[in-house]
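Subject: Structure handover

Hi,

Here is the structure I promised you. My notes on it follow below.

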Amino acid sequence: MWNQFFLLEEYAGSGYQYVGKLHSDQDRGDGSLKYILSGDGAGDLFIINENTGDIQATRRLDREEKPVYILRAQAVNRKTGRPVEPESEFIIKIHDINDNEPIFTKELYTATVPEMSDVGIIKTALLNMDRENREQYQVVIQAKDMGGQMGGLSGTTTVNITLTDVNDNPPRFPQSTYQFHTPESSPPGTPIGRIKASDADMGENAAIEYSITEGEGLDMFDVVTDQETQEGIITVRKLLDFEKKKVYTLKVEASNPHVEPRFLYLGPFKDSATVRIVVEDVDEPPVFSKLAYILQVREDAQINTTIGSVTAQDPDAARNPVKYSVDRHTDMDRIFNIHSGNGSIFTSKLLDRETLLWHNITVIATEINNPKQSSRVPLYIKVLDVNDNAPEFAEFYETFVCEKAKADQLIQTLRAVDKDDPHSGHQFSFSLAPEAASGSNFTVQDNKDNTAGIFTRKNGYNRHEMSTYLLPVVISDNDYPVQSSTGTVTVRVCACDHHGNMQSCHAEALVHPTGLSTGALIAILLCIVTLLVTVVLFAALRRQRKKEPLIISKEDIRDNIVSYNDEGGGEEDTQAFDIGTLRNPEAIEDSKLRRDIVPEALFLPRRTPAARDNTDVRDFINQRLKEHDTDPTAPPYDSLATYAYEGTGSVADSLSSLESVTTDGDQDYDYLSDWGPRFKKLADMYGGVDSDKDS
């Protein structure tokens with residue numbers, strides 16, 4: 001049985017470790033056979049003596065690295081190399097020895113144990129271990145093999161133990177009383193202050209809920225929890241009033257929402273504190289006795305009629321006086337007014353319910369000592385109806401009657417409307433006007449349901465004798481005072497078929513007593529109108545052609561005003577020429593191209609020669625006229641040339657009326673008589689003004 005060998009691991013001897021021996025039945029000991037070894041570690045880890053078949057291990061083996069080696073052995077003829085037996089396989093098993101100490105899978109273990117825990121795998125050595133006193137513990141664990149017997153090996157590891165939190169501590173307020181201040185004008189939702197209870201636990205075990213359990217302001221204040229800081233925020237719930245209550249006292253409770261029943265023996269998991277809230281006085285605007293006022297007034301109320309009043313007072317302790325006014329943005333027509341002292345409302349204009357039924361205005365109450373403090377209230381005024389409108393036809397009635405109509409035949413139904421709105425509803429009555437009741441060809445029958453019918457009174461009508469009838473119908477209401485109106489119904493006489501359908505209402509070829517038909521009269525009238533229009537147009541054209549001469553007298557040109565009636569070109573013509581030269585003969589004029597038209601050709605600028613010192617005005621103007629007439633760059637259209645030069649050394653300076661500051665009535669022209677014969681004409685013209693006025 002050589003097919004399995006056993007070998008101890010970790011051989012500590014000095015030489016090779018003997019494994020076993022292979023031997024063939026064909027081996028006679030004469031050295032003719034040779035043993036060959038192959039397989040796992042053959043020739044390196046395991047060697048064989050080819051003559052004797054002894055197998056040895058060359059180095060120490062470790063079962064933990066490889067527990068089994070599979071090898072093959074064969075005996076061959078040394079001379080021929082041929083095997084004398086088939087190849088055989090054998091196994092070398094490595095026997096284990098205790099050469100490894102126990103090793104933990106982790107170098108460091110971390111464990112959590114709830115505080116106050118019972119017995120477990122790792123037992124607590126102390127009763128009721130408290131995380132709030134110590135949270136972290138470190139334990140060294142040793143493991144031994146061979147059941148802890150002598151010669152066994154051992155290993156160690158470290159276990160970090162953390163005590164997890166449980167809710168074993170109630171919340172506690174650091175103080176028993178808190179005090180906050182808030183103005184009475186704080187709107188609902190305004191935070192007043194923060195309170196905080198401490199809890200030694202952590203996480204959800206330290207969560208705190210705040211509530212108001214009792215006190216004077218249960219319905220006036222709220223408390224909410226800030227989830228981030230675990231603080232209780234006290235807020236205003238309702239509007240405060242310093243004049244009604246100045247101080248509120250509350251009891252606020254802090255509790256844990258997550259409580260473990262096994263720790264209830266430690267006591268209640270809640271705490272309470274007293275909160276005192278002081279309301280501060282604020283100057284408030286006046287307060288009206290109502291949120292809105294509704295008043296009524298008859299539409300026939302006279303001006304300055306009192307229709308009601310509003311009341312407001314200062315809610316502060318000072319009770320400042322209040323004045324009233326109407327917001328004119330809500331009463332643009334100033335129909336109503338208010339007494340500034342007592343708040344009574346009265347009319348300032350006449351009313352009309354049919355124009356406007358409701359008037360919505362705003363009344364303002366303002367403190368006299370502090371006008372910044374004011375308040376508003378809506379005032380709704382309803383105008384009550386008065387029977388001041390007469391009923392009238394619902395529409396314009398124009399009907400027809402057939403020439404062959406029978407008596408008592410209905411030809412039209414009448415309806416009426418009334419702008420008034422009586423409490424009992426409308427009740428109209430219809431009748432023919434007294435002046436038309438007798439001798440009328442039609443009758444009006446009241447249906448007693450606010451309608452009436454028009455009936456024929458005779459048999460047959462002739463449209464050539466009377467083509468149209470006008471029936472005055474009186475409509476009355478039954479309210480107080482009674483209102484009535486007269487409406488006219490137009491009845492045309494028409495030709496109808498045998499079914500009563502209208503065919504024609506015109507009197508064809510109706511000849512007038514003059515022997516002319518209606519068409520002929522219309523044609524004559526049109527011809528007359530056309531002739532009159534032609535005459536008016538001809539007269540207008542003749543008046544436009546008739547013009548006054550520019551110069552009345554050729555003897556003295558200075559006594560006349562030259563008028564040019566051509567339209568100017570606006571601001572652009574001021575760039576067409578320079579009038580400075582006319583006012584100063586020594587100035588040199590540079591020609592400028594027109595801006596309102598495009599010149600056909602460009603011309604070189606012309607230099608105007610300077611006028612002589614003794615140049616006469618007439619010569620100067622003639623010279624300038626000649627220059628402008630021959631100047632191709634001068635403005636030919638819609639331009640006004642002003643010649644303002646008065647001559648060298650003129651005693652009168654400028655005579656232009658444009659430079660006058662006062663009117664003719666403010667001037668005294670008697671000095672013109674002292675200027676010589678050249679101004680005699682002007683002296684006669686202006687010197688007689690006063691005499692004309694006196695007469």
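The disulfide between Cys494 and Cys505 is right-handed, because the torsion about its S-S bond is about 100 degrees. Its sulfur atoms are 1.6 Å apart. A disulfide here means a pair of cysteine sulfur atoms within 2.5 Å. Cys494 sits in strand E34, and Cys505 in the loop between strand E35 (502-504) and helix H2 (518-545), so the bond ties together parts that are 11 residues apart in sequence. Helices (H or I, at least four residues) and strands (E, at least two) are DSSP runs, numbered from the N terminus.

Cys494 counts as buried, because its relative accessibility is 0%. Cys505 counts as buried too, at 12% relative accessibility. The cut-offs: buried means under 20% relative accessible area, exposed means over 50%, and partly exposed lies in between (1.4 Å probe, protein chains only).

Before you go further, note that this is a predicted model: local features need pLDDT of at least 70, side-chain atom pairs count only at pLDDT 80 or more, and totals for chains, interfaces and linings use all residues. Residues are numbered from 1 along each chain as its sequence is written, and side-chain values use heavy atoms, with hydrogens and water left out.

**The other disulfide**

How many disulfides are there by this rule? The count is two. Cys402 and Cys496 form a disulfide as well, with sulfur atoms 2.1 Å apart. This disulfide is left-handed, because the torsion about the S-S bond of Cys402 and Cys496 is about -90 degrees. Cys402 belongs to strand E28 (residues 398-402) and Cys496 to strand E34 (residues 484-496), so the bond ties together parts that are 94 residues apart in sequence. Cys402 and Cys496 are both buried. Counting bonded cysteines along the chain, the disulfides follow the pattern 1-3, 2-4. Cys527 is exposed, with a relative accessible area of 55%.

**Salt bridges**

The model has 19 salt bridges. The rule is a side-chain nitrogen of Lys or Arg within 4 Å of a carboxyl oxygen of Asp or Glu. These are the ones I looked at:

- Arg376 and Asp327 meet at 2.6 Å, N to O. This pair links distant parts of the chain, 49 residues apart: Arg376 is in strand E26 (residues 374-384), and Asp327 is in the loop between strand E22 (322-326) and strand E23 (336-338). Arg376 is exposed at 55% relative accessibility, whereas Asp327 is buried at 12%.
- Glu403 and Arg463 form a salt bridge, with their closest N and O atoms 3.4 Å apart. They too link distant parts of the chain, 60 residues apart: Glu403 is in the loop between E28 and strand E29 (410-417), and Arg463 is in the loop between strand E32 (451-456) and strand E33 (468-477). Arg463 is buried, with a relative accessible area of 12%.
- Glu627 and Arg624 meet in a salt bridge at 3.4 Å, N to O. They are three residues apart in helix H4 (residues 617-630), so about one helical turn separates them.
- Arg194, Asp226 and Glu231 are linked in a network of salt bridges.

**Strands**

Two strands pair if DSSP finds at least two bridges between them.

Six bridges join E14 to E15 (residues 231-236). Val223 has Ile234 in E15 as its bridge partner.

Elsewhere, E16 (residues 247-255) pairs with two strands, both antiparallel. Six bridges join it to E13 (residues 209-215). Nine bridges join E16 to E17 (residues 270-280). Ser211 partners Glu253 in E16, and Tyr248 partners Ile277 in E17.

**A surface patch**

Ile294, Leu357, Trp358 and Tyr380 form a nonpolar patch on the surface, with about 370 Å² of accessible area together. Patch residues have over 30% relative accessible area and no salt bridge; like charges are joined within 9 Å, nonpolar side chains (Val, Leu, Ile, Met, Phe, Trp, Tyr) within 5 Å. Areas come from the Shrake-Rupley method with a 1.4 Å probe; for residues, only the protein chains shown count as cover. Leu357 lies in the loop between strand E24 (344-347) and strand E25 (358-367). Leu357 is partly exposed, at 33% relative accessible area.

Best wishes
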